[in-house]
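These are my notebook entries on a structure that was new to me. I set down what I looked up, in the order in which I looked it up.

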Amino acid sequence: MPRQRRGPAGVRRALTLITLPVTAASLAAAPAFAAAPAGAARAAGPSGAGVRFEASPSAPPPSGQTVGGPQLASRGVVAGTAPGVPAPPKIKAASYLIADADTGQVLAAKDPHGHYLPASTLKTLTALTLVPKLDPNRLVRPSQKACDTEGTKVGLTPKMQYKVSDLFHALLMMSANDAAVTLAEADGGMRTTLTDMNAEARRINARDTLAGSPNGLDKDLGLNVRTQHTSAYDLALILREGMKNPEYRAYMQAIDFQFPAPPTKKERKKGKKVGGYPIHTHNHMLPGERLAYPGMLGGKNGYTIAAQQTFVAQARRGGHTIVISLMRADMPPSAYAAKLLNWGFAARGKVSPVGSLVPPGDIEQARKDGRSGVLPDAPLASDDSSRMWLLVGGGAVGALLAITALFVVLRRRRRLEAARYRAGR
């Protein structure tokens, strides 16, 4: 007797047997969906600044993904202990970090990976991104829009051109928002600069950072903690990386600078083509300032009503460098910063580290090479949406190919069986 042809029900059963396992396997290839923290949201900065998963400031970080080590996932205070070393100072800030900048050891921290508004400390990332890219002697004419930027300004005008180095002095000395926008224009515009800033943050593994502006303004630009944020951990990473660059350090350490301006009527009569006025640093902890801290290498303060007080700084004493950062403090940060630095110098080399400042680049490779301290237990790219869609898309394509192959096989089998049936009649 000739073999009976497989009917529609048989075909459906065969398809089910093939497609269900393949589809399940394809979805299992993207564990990032299951690993996304509860309440996670996809956020985008203005003008397409970036898209990524983020946890809100009140949500715990996803387990096994803490950059710098699992202890840094804590929302409270974590600190190394040693005989004779007191507990870290109590300061009224939502978040802080104290680390040995030479070794990368994190000595103490409070909510180090919490997402907060950066205010003008974000300018440390603007400078880290643009100082290596822009020729310091290049002349730039600001747009009227740049000159009209809200907040602290150096007083730019479209009537003249400024050296890039002048703009960096204004950016890091007196936190000039108009200088930040003009530097972004020099880099190709706001969209390009935000893309560059977020790429630089990813390069150095500052994964809590999303830049939505080059100057740290928030509510004036319609930004909030979901569309622009950083962390105490990331601020320490950013400043530590920036201070490796001699030009960056020079801007950070400048106390007084003669900023160019159009000549006054009196100056024109004397034949001067360019006038100017002095600008002074906002970092009151630099040498000679009223709150000078011994060994202060440089730092950046920030303030908006929404962000409150933010600060990041480095100091060097006795051949050792300490980096501190604090966010959402209740008063101007110099006094708190001094307490954190003092504790860091007293504790370094004595207390056990609670984590590490990771190096730039591939931190999984760095762990294999032994180039960093405490590192995550799981890959850090599970919040990368492009990787997730690649995995799921690849699995879906595999399932589709399997279905297509099954149809071809069944169709060929039906033809062969029909031929046999006709031959046996």
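The entries below take up confidence, strands, cores, a helix and aromatic rings in turn.

**Entry 1: confidence**

I began by noting that this is a predicted model. I found a mean pLDDT of 81 for the chain, with 70% of its residues at 70 or more. Over residues 1–63, pLDDT stays under 50, and the model has 96 contacts beyond four places in sequence for them. Residues 372–397 likewise stay under 50, and for these I noted 51 such contacts. Where pLDDT is low, the predicted coordinates should not be read in detail. I therefore left the details of both stretches aside.

**Entry 2: the partners of β5**

I asked which strands pair with β5, and in what sense. Strand β3, residues 77–79, pairs with β5 in the antiparallel sense over three bridges. In that pairing I found Val 77 opposite Lys 110 of β5. β4 also runs antiparallel to β5, and four bridges join the two. Here Ala 99 has Val 106 of β5 as its bridge partner. β4 and β5 form a hairpin with four residues between the strands, and in it Gly 104 takes a positive phi near 85°. Strand β13, residues 355–356, is joined to β5 by two bridges, again antiparallel. Across this pairing, Gln 105 stands opposite Ser 356.

**Entry 3: the nonpolar cores**

I turned next to the interior. In soluble globular proteins, nonpolar side chains tend to be buried together. The largest nonpolar core has 63 residues, and I asked which of them touch the most other members. They are Leu 97, Phe 168 and Leu 357.

**Entry 4: Leu 239**

I located Leu 239 in helix α8, residues 232–242. Is Leu 239 buried or exposed? Its relative accessible area is 0%, so Leu 239 is buried. Not counting residues up to four places away in sequence, Leu 239 touches Tyr 248, Met 252, Gly 298, Val 312, Ala 313, Gln 314 and Val 323.

**Entry 5: helix α11**

Helix α11 spans residues 334–347, which is 14 residues. From first C-alpha to last it reaches 20 Å, close to the 20 Å expected at 1.5 Å a residue. I then asked how many of its residues are buried. The count is 10 of 14, and the helix is thus mostly covered. Among the buried residues I listed Tyr 336, Leu 340, Leu 341, Trp 343 and Phe 345. What covers the buried residues includes β4 and β5, together with β10 (296–304), β11 (308–317) and β12 (320–329). Just after the helix, Gly 349 takes a positive phi of about 80°.

**Entry 6: aromatic rings**

A pair of aromatic rings is described by the distance of the centres and the angle of the planes. I counted three aromatic pairs in the model. Why does the pair of Tyr 162 and Phe 259 count as stacked? The ring centres are 5.6 Å apart and the planes stand at 25°, so the pair is stacked; the cut-off for stacking is under 30 degrees. Tyr 162 lies in strand β7 (residues 162–163) and Phe 259 in strand β8 (residues 256–261), so this pair ties together parts that are 97 residues apart in sequence. Tyr 162 counts as buried at 1% relative accessibility, and Phe 259 is buried at 0%.

Phe 259 also pairs with Tyr 277: the centres are 6.1 Å apart and the planes at 35°, so this pair is tilted. Tyr 277 lies in strand β9 (residues 275–280), so the pair with Phe 259 of β8 links parts that are 18 residues apart in sequence. Tyr 277 is partly exposed, with a relative accessible area of 27%.

Definitions and conventions: Residues numbered from 1 in each chain as written. Heavy atoms only, no water. Expected span 1.5 Å × (residues − 1). Buried < 20%, exposed > 50% of the residue type's maximum accessible area, 1.4 Å probe, protein only. Contact = heavy atoms within 4.5 Å. Core = buried A, V, L, I, M, F, W, Y, C linked by side-chain atoms within 4.5 Å. pLDDT = per-residue confidence, 0-100. Pairing = 2+ DSSP bridges. Phe/Tyr/Trp six-rings, centres within 6.5 Å; stacked < 30°, edge-to-face > 60°.
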